[in-house]
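Open the model in your viewer and keep the selection tool at hand. Each stop below names what to select and what is there.

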Amino acid sequence: MKTVPNHPLFDLQVYDERNRNMTFINSVTGPVSTSELGLTLIHEHMRVRSESVHAQFPHLYDEKQEVAKAVEQVNRAKKLGVNTICDPTVMEQGRDIRFIEKIARETDTQIIAATGIYTYNYIPTHFQTRSIDYMADLFIRDIEVGIQNTSIKAGFLKCATDAPGVTADVEKVMRAVARAHKKTGVPIMTHSHPASGTGLKQLDILLEEGANPNQILIGHTGDTDNLEYISNILKQGAFVGMDRYGLTRECSTENRNNTVIQLAKQGYSNRMFLSQDYCCTMDWFPEGVIEERFPKWSMSFVLEEVVPELKRKGVTEQQIQHMLFDNARCWFEGK
């Protein structure tokens with residue numbers, strides 16, 4: 001055991017990794033071992049934008065400004081000890097792998113990118129007329145060859161199911177993600193909508209396809225304080241994302257904290273992730289709307305305010321270590 005040296009927030013006892021069997025992960029700047037992940041934010045976006053709008057009206061966007069905002073947010077998190085960020089921006093969210101790589105290099109931060117498709121309803125006709133395995137092969141190519149004709153490889157898979165539920169197209173994406181996972185061994189992250197119970201529906205499909213529950217993260221589970229619903233996910237062996245801190249429409253920060261505290265007391269700190277789902281820039285709303293509605297939403301809110309509050313209310317250093325350090329390693333390793 002050893003203590004994290006000069007860590008700005010924690011005095012944690014962490015395991016010496018030298019004798020572990022290491023798993024290597026594709027980051028946007030090259031392979032990293034699970035022993036090198038360190039403090040990990042599991043769900044943050046360097047940029048989210050409408051792909052079709054950008055393609056047709058590029059004058060609406062300012063690349064330099066977007067880079068500056070992302071660099072500022074990542075550097076702010078890095079000063080608080082963050083070593084690794086998982087960016088689940090995929091198709092239909094404006095994924096641009098060179099943009100993500102630029103932020104990683106300018107901030108000297110490990111960023112792990114995803115492959116998959118983000119949709120609540122439909123997929124393009126191109127995929128509607130082709131098989132699940134055709135789609136899965138494209139995800140596998142992103143993982144094994146590279147994204148968008150680069151050599152930068154994806155490190156995990158992403159799919160989404162929101163209020164519309166498991167539409168035929170959404171199910172196709174989920175099954176393709178599961179099949180790509182089985183062939184490559186990289187983990188799966190979902191976007192779920194707890195109010196509609198979609199996390200459990202996602203698990204049903206992913207497990208039916210043979211996915212490893214230890215490598216499934218049901219994202220946005222913290223959008224509810226329904227402990228029975230969350231427990232039903234956890235009992236199947238999956239991880240849950242308490243990953244939208246700063247967004248208060250579905251759940252207040254106090255309610256999010258109380259849920260984490262209760263689950264930690266039940267022994268589930270080793271299955272939870274803390275993150276913010278922060279988007280350094282996002283074109284879904286007119287300028288200024290997000291800042292007005294969610295003034296505390298940032299890539300550093302968890303570390304600046306949430307962790308200190310959880311500790312004041314009895315969450316232990318070891319439990320914080322699980323949620324911010326250990327669980328990412330276990331998710332990538334499938335343990």
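The tour goes from the sheet to the salt bridges and then to a surface patch.

This is a predicted model, in which local features need pLDDT of at least 70 and side-chain atom pairs count only at pLDDT 80 or more, while totals for chains, interfaces and linings use all residues. Residues are numbered from 1 along each chain as its sequence is written, and side-chain values use heavy atoms, with hydrogens and water left out.

**The sheet**

Select the strands E5 to E12. They form an open sheet of eight strands, ordered E5-E6-E7-E8-E9-E10-E11-E12, with parallel pairing. E5 (39–41) and E12 (272–274) are the edge strands, each pairing on one side only. On average, neighbouring strands are turned by 25° against each other, direction ignored. Helices (H or I, at least four residues) and strands (E, at least two) are DSSP runs, numbered from the N terminus. Two strands pair if DSSP finds at least two bridges between them.

Zoom in on E8 (156–160) and E9 (188–191). Four bridges join them in the parallel sense. Cys 159 stands opposite Thr 190 in E9.

**Salt bridges**

A salt bridge here is a side-chain nitrogen of Lys or Arg within 4 Å of a carboxyl oxygen of Asp or Glu. The count comes to 25.

Select Arg 47 and Asp 96. Their side chains meet in a salt bridge (3.2 Å, N to O). Arg 47 is in the loop between E5 and H1, Asp 96 in the loop between E6 (82–87) and H3 (97–107), 49 residues apart. Asp 96, at 22%, counts as partly exposed. Buried means under 20% relative accessible area, exposed over 50%, partly exposed in between (1.4 Å probe, protein chains only).

Next, pick Arg 175 and Glu 208. Their closest N and O atoms are 3.0 Å apart in a salt bridge. Arg 175 lies in H6 (168–184) and Glu 208 in H7 (198–208), so the pair ties together parts 33 residues apart in sequence. Arg 175 is buried at 11%; Glu 208 is exposed at 59%.

**Surface patch**

Finish with Leu 60, in the loop between H1 (51–56) and H2 (63–79). Leu 60 counts as exposed because its relative accessibility is 54%. With Val 53 and Phe 57, Leu 60 makes a nonpolar surface patch of about 270 Å². Patch residues have over 30% relative accessible area and no salt bridge; nonpolar side chains (Val, Leu, Ile, Met, Phe, Trp, Tyr) are joined within 5 Å, like charges within 9 Å. Accessible areas come from the Shrake-Rupley method with a 1.4 Å probe; for residues, only the protein chains shown count as cover.

Note on methods:
Axes fitted to C-alpha atoms, helices over the stretch in contact; angles between N-to-C directions.
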